[in-house]
Amino acid sequence: MTLLYASTFADALAKLTHQEQKQVKITTVDLMMDPKGTGLSLERLTRAGDDKVWSARVSRDLRIILRRDGDDNLLAYVGHHNDAYRWAERRKFIPHERSGAMQIVEVIEGQEKAEPEYGDHSSATETAGEVVQPFWSLTDDQLLDVGVPREWLSHVQEMPESEIDSLFDRLPAEAAEALYDFATGGKLEDHIVTPAEPGADPYAHPDALRRFRVFDNVDELTAALDAPFEKWAVFLHPAQRELVRRKVTGPTRITGSAGTGKTIVALHRAVHLAEQSETARVLLTTFSQELARALSAKLEIQTQAVPELRERITVRPLDEAAVELYCQQFGEPDLVDHGQIRALIEEAISAGLGGELSTLFLLEEWQELVDAWGVTDPESYATLPRIGRRTRLGPKQREAAWAVFDHIRNRMAERGLVTRAMIYDRLTGWLQDGGTIPFEHVVVDEAQDLTVAQVRFLAAVGNGRDDALFLAGDIGQRIFRLPFSWSKLGLDIRGRSHSLKVNYRTSHQIRAMADRLLPPAITDLDGVEEGRRGTVSIFDGPVPEVRLLDDSDTEADVVSGWLQKCISSGIAPREIAVLVRGPDQVPRARQVSENAAAALKASESPIVGVMHDAKGLEFRAVAVMACDEDVIPDPHRLASIGDVAEMESVYETERHLLYVACTRARDQLLVSGITPGSEFLDDLL
Ligand SMILES: Nc1ncnc2c1ncn2[C@@H]1O[C@H](COP(=O)(O)OP(=O)(O)OP(=O)(O)O)[C@@H](O)[C@H]1O
């Protein structure tokens, strides 16, 4: 027997109470153990849209809807008696006539085909009467080509614009994606379905695999039933699946705007690589402890059914993994801190080094150039591009500065001190001399914020090995560093960069608004373009609000009122965030959050944080407040700008920050500031 599990079943299961979910799980496992269903109350549903549909009794009121075809048992839906029967009556299960992929098709009323009012569908007419019908000009053939079920052709052609947002709820996802992209300016031809080979299994088509999953054993099934909310663990988009399984001959990067599932792909990729052999070892890494913890938690869910896979995957922040490796090879490093570097600079200045250059200048020069780029001699320092550094240095000043850096380097060497970048540089040299890390595969999430030293290290880790390096990131979310070329450092992903286009996190409305902060395509310094155009979200929600208020009291009242509305609508305070540009604005945010909780006598208040720390997180509702003229872009950063190139890069990262903040919201977003407000708000509006 083959047991199949549909995403509609997962959705329906997630809506039941915990107790009901437990009952469903027991019945489902019984069904798996007793494929003929002899011990279960199975009943064929004569009024269902499909003659292979059955119901299985879970309890007096709960029913599982199954489709039984030969050896296949498909778990299609679960719900209370009337709801479950009504669902079954309005569904057909048919392979699509062009793709061959199995679809669950909602039966709609009035399926007779309407004739176009103004001649045939090839006419450019897009309106019938006053109502805009965005798909009126599309022919049956065009619609079938993108996976629209035949039953839906005329309904789609006549669909008014106001119904577009329901596409994902009602049509198979491949068709909904194509139509939504078309309606928002994309090309239908980009979404033509792939026809299956004759006789192929309709459940094995990539479009079917995004909504059906075959379970080989009870453990896998029970793991999926334990976490019905975690659809990402079970159903991948065809583009995600392809990237997870792709065999690659060099470092590979996946990109995509916020919420397109890059982290999910990185996670599945790590598991896929671990599955390849019992001896495979995988490092799944990212930049912070908090993000690594979140990855670990997801990995637990994903490997629940096969715990030995979990043991083959190590999840660590990259810095921690590097220190661990360093300890194994060279002993424990003594990391220098900021205060020690400052003291060494002051010592050098007292000894007459450094000419007229200030401590602050030398400190920044050390951190941003000399240490970051691993400069070890005056010749390399003299030729280093000074992107992002405001002061141009003449040869004499460089010489004076180098004398200080030389002093720092010598003192550090005498005392056995190292910087993080030096740790990576030493490991890189060791790898280049034939050293090997204890991992065959490294998967990196949030790769857009890698440092120069980390990129060099990873290049040496990859070193031309197949499937060695897989990086996920979005350059539109680079918030910590100035851009630099990866390929010049040996990490060449050109020709192996792939972009995801379906946004699972944010509503259409929030995504469309946040996208206005960034250009439609961003090109990195290696000339690899990341396009945002053509990205679609799979659900819709309220239009985000942008509010400019007269003063901070009024803003506090408005944001607090908005938070109260969110909480009163059933969103738990821990699923709501109030985000601000920096620590100076945190008291404003905290007060608003506490006021909202106090007004409702809620036991907890919405989470407060700065935009930088929100990377990788998500909330049902987000208020991005204090977006004032003198807050974002950060005036301290702007004040120190030296040239146009630096100005551009500061503006870019400040925009990215606001983009990151806005795209943490799944359903509801409020952006506010005090008049005249941040110049970025003009783009949002
Ligand atoms: N195939 C899928 N099915 C269901 N949900 C998914 C799928 N892929 C991703 N998601 C959900 O979409 C949301 C965003 O995913 P993820 O965090 O991987 O995106 P991301 O591209 O890494 O975002 P960011 O760039 O903001 O870090 C998560 O809630 C995730 O569970």
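A nonpolar core is a set of buried Ala, Val, Leu, Ile, Met, Phe, Trp, Tyr and Cys residues joined through C-beta atoms within 7 Å. "Buried" means that 20 or more other C-beta atoms lie within 10 Å of a residue's own; with 12 or fewer the residue is exposed, in between it is partly exposed, and the C-beta atoms are placed from the backbone. Keep in mind that this is a predicted model: local features need pLDDT of at least 70, side-chain atom pairs count only at pLDDT 80 or more, and totals for chains, interfaces and linings use all residues. Residues are numbered from 1 along each chain as its sequence is written.

**View 1. The largest nonpolar core and a second one.**
The largest nonpolar core has 101 residues, and those touching the most other members are Leu-179, Ala-270, Val-282, Leu-284, Val-442, Leu-458 and Val-461. Zoom in on Leu-284: beyond its neighbours within four places in sequence, it is in contact (C-beta atoms, placed from the backbone, within 7 Å) with Ala-266, Ala-270, Leu-295, Ile-313, Val-315 and Val-443. There is also a second, separate core, made of 48 residues, and Trp-562, Val-580, Leu-657 and Ala-661 are among them. In soluble globular proteins, nonpolar side chains tend to be buried together.

**View 2. The whole protein, for orientation.**
Before the other close-ups, here is the overall picture. The protein has 26 helices and 27 strands; these are DSSP runs numbered from the N terminus, with helices being H or I of at least four residues and strands being E of at least two. Along the principal axes, its C-alpha atoms fill a box of roughly 95 × 60 × 55 Å. Of the 685 residues, 44% are buried. Take the contacts between residues at least 6 apart in sequence: 74% of them join residues at least 24 apart.

Helix α3 spans residues 81–89, and its buried residues are Ala-84, Trp-87 and Ala-88. They sit on the same side of α3, because they cover an arc of only 95° around the axis; the arc is that of the directions from the helix axis to the C-beta atoms. Turned away from that buried side is a face with the exposed residues Asn-82 and Arg-86. The cover over the buried residues of α3 includes β3 (53–57), β4 (62–69), β5 (72–80) and β6 (91–95).

**View 3. Helix α22 and what packs against it.**
With 17 residues (552–568), helix α22 reaches 24 Å from its first C-alpha to its last, close to the 24 Å expected at 1.5 Å a residue; that expected span is 1.5 Å times one less than the number of residues. Its buried residues are Glu-555, Ala-556, Val-559, Ser-560, Trp-562, Leu-563, Cys-566 and Ile-567. They cover an arc of only 160° around the axis, so they are on the same side of α22. An α-helix has 3.6 residues a turn, so residues three or four places apart point the same way. The buried residues of α22 pack against β23 (545–549), β24 (576–580), α23 (586–599), β26 (619–624) and β27 (665–674). On the face turned away from the buried side you'll find the exposed residues Asp-553 and Ser-568. After α22 comes Gly-570, with a positive phi near 110°.

**View 4. Asp-61 in its loop.**
Look for Asp-61 in the loop between β3 and β4. Asp-61 counts as partly exposed because it has 13 C-beta neighbours inside 10 Å. Apart from neighbours within four places in sequence, Asp-61 is in contact with His-80 and His-81.

Most residues other than glycine have a negative phi, and most peptide bonds are trans. Glu-446 is not a glycine, yet its phi is positive, about 60°. Glu-446 lies in the loop between β16 (441–444) and α20 (452–462), and is buried, with 26 other C-beta atoms within 10 Å. Ala-626, in the loop between β26 and α24, also has a positive phi of about 60° without being a glycine. As for cis peptide bonds, one runs from Ile-632 to Pro-633, with omega near 0°. Another joins Thr-675 and Pro-676, with omega about 10°; Pro-676 is in the loop between β27 and α26 (680–684).

Conventions: Two residues are in contact if their C-beta atoms, placed from the backbone, lie within 7 Å.
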